[in-house]
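The paragraphs below begin with a helix whose length deserves a careful look.

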Amino acid sequence: MATDLLRNALVAPIEVDDPYEAGEKIAVMRSLRNDPLAGLHSRQQIDEAQYTAGRYFQRDFEMAERGPKAIDPSKEAVDGGMMPEPITESQQRAAQKLAEVYRALGPDLSALLHDVLIGGMVRAQLAAKRGLAGREWEEFFGRRFREGLDGAAVVYGLAQVRVRPDRRPAQISADQ
């Protein structure tokens with residue numbers, strides 16, 4: 001394992017499948033900079049189902065998003081424009097899955113998931129964006145974010161909902 005890191009590197013070890021040996025694992029260092037989900041996972045503040053649900057959400061968002069394309073100044077300018085690219089089946093599936101997650105979570109939890117997973121915000125930034133400050137609010141938004149990951153894990157089939165007779169339904173993760 002390489003040990004040469006930049007002085008300000010923010011990394012944590014993780015085991016991944018060895019690409020050269022089938023069924024074997026290797027330890028690698030993953031960057032935690034600008035990745036709140038990886039930070040939570042490396043500190044064991046979220047479980048594997050929540051982490052995977054977050055990654056699925058990010059993947060679906062990237063697949064479904066069709067942002068503006070950059071203009072290539074080296075090409076000759078022409079009148080008119082290009083025909084828009086057709087929406088692919090994978091983009092449609094990703095958009096449908098995102099819509100399902102948004103419906104299951106509601107507007108508040110969906111916004112939290114989007115702010116953290118797409119915007120890269122941390123708890124203090126979540127609270128500040130909503131005009132709130134203080135440790136209690138940061139912890140509140142941290143709990144709500146984990147609730148959103150629980151709901152996303154259910155939608156993605158990584159966890160199931162358990163109904164408890166004494167309380168409202170609770171989401172449980174796959175590894176509990």
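A straight helix of 30 residues would span 44 Å at 1.5 Å a residue, but helix α3 (residues 89–118) spans only 22 Å between its end C-alpha atoms. The expected span used here is 1.5 Å times one less than the number of residues, and helices are DSSP runs of H or I with at least four residues, strands being runs of E with at least two, numbered from the N terminus. Within α3 there is a kink of about 120° at glycine 106, shortly before proline 107; the bend at a residue is the angle between axes fitted to the seven residues ending there and the seven starting there. After α3 comes glycine 120, whose phi is positive, near 70°.

Before going further, note that this is a predicted model, in which local features need pLDDT of at least 70 and side-chain atom pairs count only at pLDDT 80 or more, while totals for chains, interfaces and linings use all residues. Residues are numbered from 1 along each chain as its sequence is written, and side-chain values use heavy atoms, with hydrogens and water left out.

Not counting residues up to four places away in sequence, serine 110 touches Val101, Tyr102 and Leu105, contact meaning heavy atoms within 4.5 Å. Leucine 117, which is also placed in α3, is buried with a relative accessible area of 7%. Leaving aside neighbours within four places in sequence, leucine 117 is in contact with Leu37, Gly54, Phe57, Gln58, Phe145 and Leu149. The C-alpha atoms of leucine 117 and arginine 55 are separated by 8.2 Å, although these residues are 62 residues apart along the chain.

Helix α2 (residues 48–64) has 17 residues and reaches 24 Å from its first C-alpha to its last, close to the 24 Å expected. Among the buried residues of α2 are Gly54, Phe57 and Gln58, which are also listed among the contacts of leucine 117.

Seen as a whole, the protein chain has five helices and four strands, and from the N terminus on its elements run β-β-α-α-α-α-α-β-β. Of its 176 residues, 30% count as buried.

Technical notes
Buried < 20%, exposed > 50% of the residue type's maximum accessible area, 1.4 Å probe, protein only.
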